[in-house]
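Welcome! Take a moment to look over the sequence and the 3D view, and then let this short briefing guide you to a few places in them.

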Amino acid sequence: MSSTPPGWYDDGHGARRWWDGARWTEQTQTQTPDAVTDAASPVAPAGPDPVHQPEAPAAVYPLAAGGSVYPPAAGDPVFPTEPGGPVYPPEAGGPYGPGPYAESQPAQKRSKLWIVWVVIGVVVLGLVITAIVVIPMLLSSVFAAGGGIKPGNDDEQAAVDAVQLYDDAWSEVDCDKFFAATTESFRAQIGLAECDSFEGEAQGFSESTDEYEIAVTDISRDGGTITVATTETYLSLTDDENQPLATREPAEVHYEYYVVADGDHWAIDDAASD
């Protein structure tokens, strides 16, 4: 219920209107530029004896500079006078001069977009960390011999290089590489002690295979011998009778090369396949 006592108030429409303590009435009086005295007021509406009515307050209740005067006019759509509406004139603490009406305004919702950006940042950071950790591991597991495990020291690396050189000698029909990659005893053992005999065998090998690849699968050492295990894949161009195939057939073979120190380098001294 309004706390404003009954009386004449400026209704914000150029006239003074009778406020009965709860709502506006139809009784008005024109407001002149000079103050209007109570003696010029029309007869008060039916109700309690006007003689006993409290003296009307002299103050008005402006909304803001240039705004409407309060109490509002009856039926004002912005500031309703229905039961349950805000109290008029506005009390201290309101939105139009502070009052309880401010409590009915919904609180502004805070944007939650920052949560999305935080999640995206965490995901990107995780991908970066994964790349930093995983990529070096992958690179360290691959080396010049076509993939596989990484040699643990210089001797093992030299042994792997000898195996790779041996493969290049056969693929390129290169006798110099063949001699550099093998010991004399190994060449005698496989019957290829001379370049002529090796080049004849290597030429046939080159013509019967394609896309030859070698991958080291294990490296171990026993005294002065380093064993290099490999998986070797290729496309076979001929059959067992050395006749051309209509379609190239994939093939795979597993070798163990036994590499030893031979003078100032490492060389294959024996080999076995599965």
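Predicted model: local features only at pLDDT ≥ 70, side-chain atom pairs only at ≥ 80, totals over all residues.

**The largest nonpolar core**
- The largest nonpolar core has 23 residues, and the ones touching the most other members are Y166, F198, V228 and V259.
- At least two residues of this core come from each of α2, α3 (175-181), α5 (195-208), β6 (209-222), β7 (225-238), β8 (244-262) and β9 (265-273).
- Helix α2 gives the largest share of the core, with seven residues.
- If you select F198 and set aside its neighbours within four places in sequence, you will find contacts with A169, W170, V173, D174, C175, F178 and L192.

- E156 is buried but has no salt bridge.
- The nearest side chain of opposite charge belongs to R221, 6.6 Å away from E156; a salt bridge would need a distance within 4 Å.
- Not counting residues up to four places away in sequence, E156 touches P151, I219 and I226.

- L113, V116, W117, I120, V124, L125, V128, I129, I132, V133 and V134 make a nonpolar surface patch of about 1,000 Å².
- One of these patch residues, W117, sits in helix α1, which covers residues 113-140.
- W117 counts as exposed because its relative accessibility is 57%, and the cut-off for exposed is over 50%.

Methods:
Residues numbered from 1 in each chain as written. Heavy atoms only, no water. Buried < 20%, exposed > 50% of the residue type's maximum accessible area, 1.4 Å probe, protein only. Lys, Arg positive; Asp, Glu negative; His and termini not counted. Contact = heavy atoms within 4.5 Å. Patch = residues over 30% accessible without salt bridge, like charges linked within 9 Å, V, L, I, M, F, W, Y side chains within 5 Å. Areas by Shrake-Rupley, 256 points an atom, 1.4 Å probe, with all protein chains shown as cover. Helix = DSSP H or I, 4+ residues; strand = E, 2+ residues; numbered from the N terminus. Core = buried A, V, L, I, M, F, W, Y, C linked by side-chain atoms within 4.5 Å.
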